[in-house]
Amino acid sequence: MTVTGNDPWAVLRAATRARVALGRAGDGLPTARELEFRLAHAVARDAVHTPLDPAVVRAGLDGVPVVEVRSAAADRAEYLQRPDLGRRLAPGCALPREGADVALVLADGLSPRAVHEHGAALVTALLDRLTGWSVGPVVLATQARVALGDEIGAALGARVVLVLIGERPGLSSADSLGVYLTWDPRPGRADSERNCVSNVRPPHGLGYAEAADVVARLLASARELGASGVALKDEGPALPAG
Amino acid sequence: MTVRRTTLGGRTYEFASLSDLLAKATPARSGDVLAGCAAESAAQRVAAQVVLADLPLATFLEEQVVGYEEDDVTRLILDTHDPVAFAPVAGLTVGEFRDELLTWAAEGDETSISALARGLTPEMVAATSKLMRNADLVAVGRRARVVTGLRSTLGLPGRLASRLQPNHPTDDPVGVTASIVDGLLQGSGDAVIGINPATDSPARTVALLELVDAVIRRYEIPTQSCVLAHVTTTLRALEQGAPVDLVFQSVAGTQAANRGFGVTLDLLAEARAGALELGRGTVGRNVTYFETGQGSALSADAHRGVDGRPVDQQTLECRAYAVARHFEPLLVNTVVGFIGPEYLYDGKQVVRAGLEDHFCGKLLGLPMGVDVCYTNHAEVDADDTDTLTLLLGAAGCSFVIAVPGSDDVMLHYQSLSFSDVLTARRVLGLRPAPEFEAWLARMDLLDADGRVRTLTADAPAARALLAAARP
């Protein structure tokens, strides 16, 4: 590592992404550092609270059939406090039992923004790779937790459900999408029965093609195994660090 | 099971069990709603508090919220209860006990309050806290004296220590060291330099232990290190002869929740014995460190007690303190806003929970600290954590946790910054642990008033410590 310039604190800054060597104003943070932090938190908060706009996702999907559903959580406040409601469909949500192999769910989760920014592109990348599978309509789910996919997958009669969901925003990553694969979806599946591909958010995190490759490999293995979860490992090449 | 009832304003309120009474009397929080045990109205909550106030403290020795036969935490609580320590308050109701505590606090009678610890059960303390306002929790908390030590002394009056938490997403030694140096230069680290490892591998744990140990030895810092790996990983590190100062473990208030953590009381005892054998202390022999947090049992679906009834999360949190207490810890902290809004929804709930946990822990005899923190999906921000930090400082909290710029880049949540600790110390007239304060002075990191100075990078201390951060 080379440290240039006259700032000896650069040694610390170059060593970590942590917010080191911020300086101080008295005992507090200097105004500029304080406002940087505040902005990062504000962006993360907005990612949690800006509602999913289905029109944005539909526009990106360019003709792929979309069905909209919502969970039993009535609003964002209830969603945040009652994860149990976010795992159940609202009464009256109808889904066609088409019996496709794969149910694809795009869920707002804790970052609707992640779905806005990466949802359609990741679905497109996945559809390109799911040639040996029949795929149902894209189910756009709001106030949704991962396990809502179990009920959706079961209602569609799918063999496997892929839930693409906005992950909890961090201070430096408010738009991260995760993919959860659950074989033979039905209500009551445990988290240990799922596989996850996390941190899809190019250019900083995983790219669409890389993520879709991993998911396609996991799907093939799950079909072979007849199961997903802890027993199923991705045997592909090691992922580059996000 | 005893049904308890009261009539208020012409309406009768009934509470089906002791756990139901405790839950309904609990100040509002999302986790109890999620568990299905919260009060259904504001009036019902007060009615429960009215009934609870008249309940003899001794009831909790006879009637359990989690059964004795099926839960080893309950057995630990009852089998180690000290009737002699309990004697001064044995005849009081919960309400009378609250009044007595406030009286002793007002008189500055630390001895009477602190001598009770082994005579109190978690359920007694939880019940009492439910009748207290935030200011009551502060007033009594600051008079419950718990002093512990290993290479620094914690919990002395007029002191506020901090855990320096130099986490890194890949445990990179250079990155970790940079955060350690940043914290030391700002007067943090007197409670512990404690790293949450990114993975639980024994080799990684040993490498991090050796890294922090080298920094501590190089600069002769009177503090201790900890890598917050699972206790079984620390046992492996001990077998390999690693420099283990502290055995860490997350613990919860039911046997089922602890099983979920992969922990038994025997494992904790074994690891503690291993660390004690190393004899690494200079001013004390407290070699364990525990973290807890309201909601941990519920999140593991291990929050039920007698007859399968849900127990409120604050009572369960206090039961975790009984586990910690048994192993004579150097440090215990609740992680108060980490677990998410489904357990503590907003700033009001987080502030309340932080004060409750500190009060209850101290009353039970724990060296109680708090990780004052929040996630981005909770209705909490830095204004709320400022409020809680200053209240905790006033309450005599043993230590808080601090990370560079409030941003934990490994665990992805916000805790306090090093400057937040300096602010709390300055505003409230608090100082670091005495041995560490003397070290700061030796390093010329304090100004004439004994406060951590604003550094320039060419100051000798900065140059010396920055040298550690050079790869």
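Reader: What percentage of the 471 residues of chain B count as buried?

Author: The share is 65% of the 471 residues of chain B, where buried stands for a relative accessible area under 20%, exposed for over 50%, and partly exposed for anything in between (1.4 Å probe, protein chains only). This is a predicted model, in which local features need pLDDT of at least 70 and side-chain atom pairs count only at pLDDT 80 or more, while totals for chains, interfaces and linings use all residues; side-chain values use heavy atoms, without hydrogens or water. Residues are numbered from 1 along each chain as its sequence is written, and chains are lettered from A, with ligands numbered from 1, in the order in which they are written.

The overall form of chain B comes next. The chain contains 22 helices and 14 strands, helices being DSSP runs of H or I with at least four residues and strands runs of E with at least two, numbered from the N terminus. Its radius of gyration is 22 Å, which agrees with the value near 23 Å that a compact globule of 471 residues would have. That radius is taken over C-alpha atoms, and the globule rule is 2.2 Å times the number of residues to the power 0.38. Along the principal axes, the C-alpha atoms of chain B fill a box of roughly 75 × 45 × 45 Å.

Contacts tell how the sequence folds back on itself. A contact means heavy atoms within 4.5 Å. In chain B, among contacts with a separation of 6 or more, 77% are between residues 24 or more positions apart. The accessible surface of chain B is about 15,400 Å², and carbon and sulfur atoms hold 50% of it; such areas come from the Shrake-Rupley method with a 1.4 Å probe, and for residues only the protein chains shown count as cover.

Two residues of chain B can be looked at one by one. Gln294(B) belongs to the loop between β9 (288–292) and α16, and Gln294(B) is buried, at a relative accessible area of 3%. Apart from neighbours within four places in sequence, the residues in contact with Gln294(B) include Arg29(B), Gln313(B), Glu317(B), Tyr343(B) and Asp357(B). Leu131(B) is 163 residues from Gln294(B) in sequence, and their C-alpha atoms are 18 Å apart.

Asp307(B) lies in the loop between α16 (296–299) and α17 (313–326). At 57% relative accessibility, Asp307(B) counts as exposed. Its backbone deserves a note: most residues other than glycine have a negative phi. Asp307(B), however, has a positive phi near 60 degrees.

Chain A has eight helices and six strands, and 50% of its 242 residues count as buried. The C-alpha trace of chain A spans about 65 × 40 × 35 Å along its principal axes.

Where the two chains meet, 35 residues of chain A are in contact with 49 residues of chain B. Together the chains bury about 3,400 Å², with 59% of that on carbon and sulfur atoms; buried area is the accessible area (1.4 Å probe) that two parts lose on being put together, summed over both. On the side of chain A, the residues that lose the most area to chain B are Arg24(A), Asp27(A) and Arg168(A), which together make up 21% of what that side buries.

Asp108(A) sits in the loop between β2 (102–107) and α6 (112–129) and is buried, at a relative accessible area of 3%. Ile165(A) is 57 residues away along the chain, yet its C-alpha atom is 5.7 Å from that of Asp108(A). Ile165(A) is also one of the residues in contact with Asp108(A), as are Leu52(A), Arg76(A) and Gly166(A).
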